Amino acid sequence: MTALRTLRLVLTSLLALILAAVAFLALNWSGGELAARLRLPPGGTARLGWDLAWSVAAAALALWIVARWAPVAARWQTGAAWTALTALVLWAVANLGGEFPLWFDAGLLAALPALGWLGWRWSGPARRNER
């Protein structure tokens with residue numbers, strides 16, 4: 001492997017991770033904006049359920065981006081992204097969990113195995129660059 005190819009792979013991997021993080025933030029923010037435009041009242045069970053759904057969708061999108069666009073070792077990179085999301089969720093539940101109802105924290109934690117499975121499936125051998 002030439003140095004130029006190695007550099008290209010590293011930069012593409014970093015770009016995939018950066019795009020995944022930006023997509024996570026953008027989709028999560030978009031869910032909040034859409035809720036405001038739909039005039040969902042802030043707080044309350046309905047709004048928290050809405051926010052939970054958008055947070056999980058944003059995490060799934062981030063994992064999909066890494067799984068599909070990682071140039072090499074897609075499963076490893078998707079696993080690393082899932083590990084980072086897991087750490088973020090655990091930190092949020094541990095530090096901010098008292099501000100939210102138990103079902104919200106449980107929903108975030110319960111989504112992690114499903115997100116891990118989806119990331120594993122998306123990064124499998126039927127990826128775009130392996131067909």
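A nonpolar surface patch is made of residues with over 30% relative accessible area and no salt bridge, in which nonpolar side chains are joined within 5 Å. In this predicted model, L4, L7, V10, L11, L14, L17, I18 and V22 form such a patch, and together they have about 740 Å² of accessible area. The protein has 131 residues, and its secondary structure consists of four helices and zero strands.

**Overall architecture**

- Read from the N terminus, the elements of the protein follow the order α-α-α-α.
- The C-alpha trace spans about 55 × 30 × 25 Å along its principal axes.
- Of the contacts with a separation of 6 or more, 71% are between residues 24 or more positions apart.

**Surface and burial**

- The protein exposes about 8100 Å², and carbon and sulfur atoms supply 73% of this area.
- Among the 131 residues, 32% count as buried.

**Charges and the salt bridge**

- The protein carries 11 positive and 5 negative side chains, and the centres of these two sets are 17 Å apart.
- Side chains of opposite charge can pair when their charged atoms come close.
- The structure contains one salt bridge, in which the side chains of R47 and D51 meet at 3.2 Å, N to O.
- Both residues belong to helix 2 (residues 44–69); because R47 and D51 are four residues apart there, about one helical turn separates them.
- The two partners fall into separate accessibility classes: R47 is buried at 15% relative accessibility, whereas D51 is partly exposed, with a relative accessible area of 25%.

**Loop residues with positive phi**

- R39 is a residue other than glycine with a positive phi, near 60°.
- R39 is located in the loop between helix 1 and helix 2, and it is exposed, with a relative accessible area of 73%.
- A73 also is not a glycine, yet its phi is positive, at about 50°.
- A73 is located in the loop that lies between helix 2 and helix 3 (74–96), and at 47% relative accessibility it counts as partly exposed.

How values were computed. Residues are numbered from 1 along each chain as its sequence is written. This is a predicted model: local features need pLDDT of at least 70, side-chain atom pairs count only at pLDDT 80 or more; totals for chains, interfaces and linings use all residues. Side-chain values use heavy atoms; hydrogens and water are left out. Patches are made of residues with over 30% relative accessible area and no salt bridge: like charges are joined within 9 Å, nonpolar side chains (Val, Leu, Ile, Met, Phe, Trp, Tyr) within 5 Å. Accessible areas come from the Shrake-Rupley method with a 1.4 Å probe; for residues, only the protein chains shown count as cover. A salt bridge is a side-chain nitrogen of Lys or Arg within 4 Å of a carboxyl oxygen of Asp or Glu. Helices (H or I, at least four residues) and strands (E, at least two) are DSSP runs, numbered from the N terminus. Buried means under 20% relative accessible area, exposed over 50%, partly exposed in between (1.4 Å probe, protein chains only). Contact means heavy atoms within 4.5 Å. Lys and Arg count as positive and Asp and Glu as negative; His and the chain ends are not counted. The place of a charge is taken as NZ of Lys, CZ of Arg, CG of Asp or CD of Glu.
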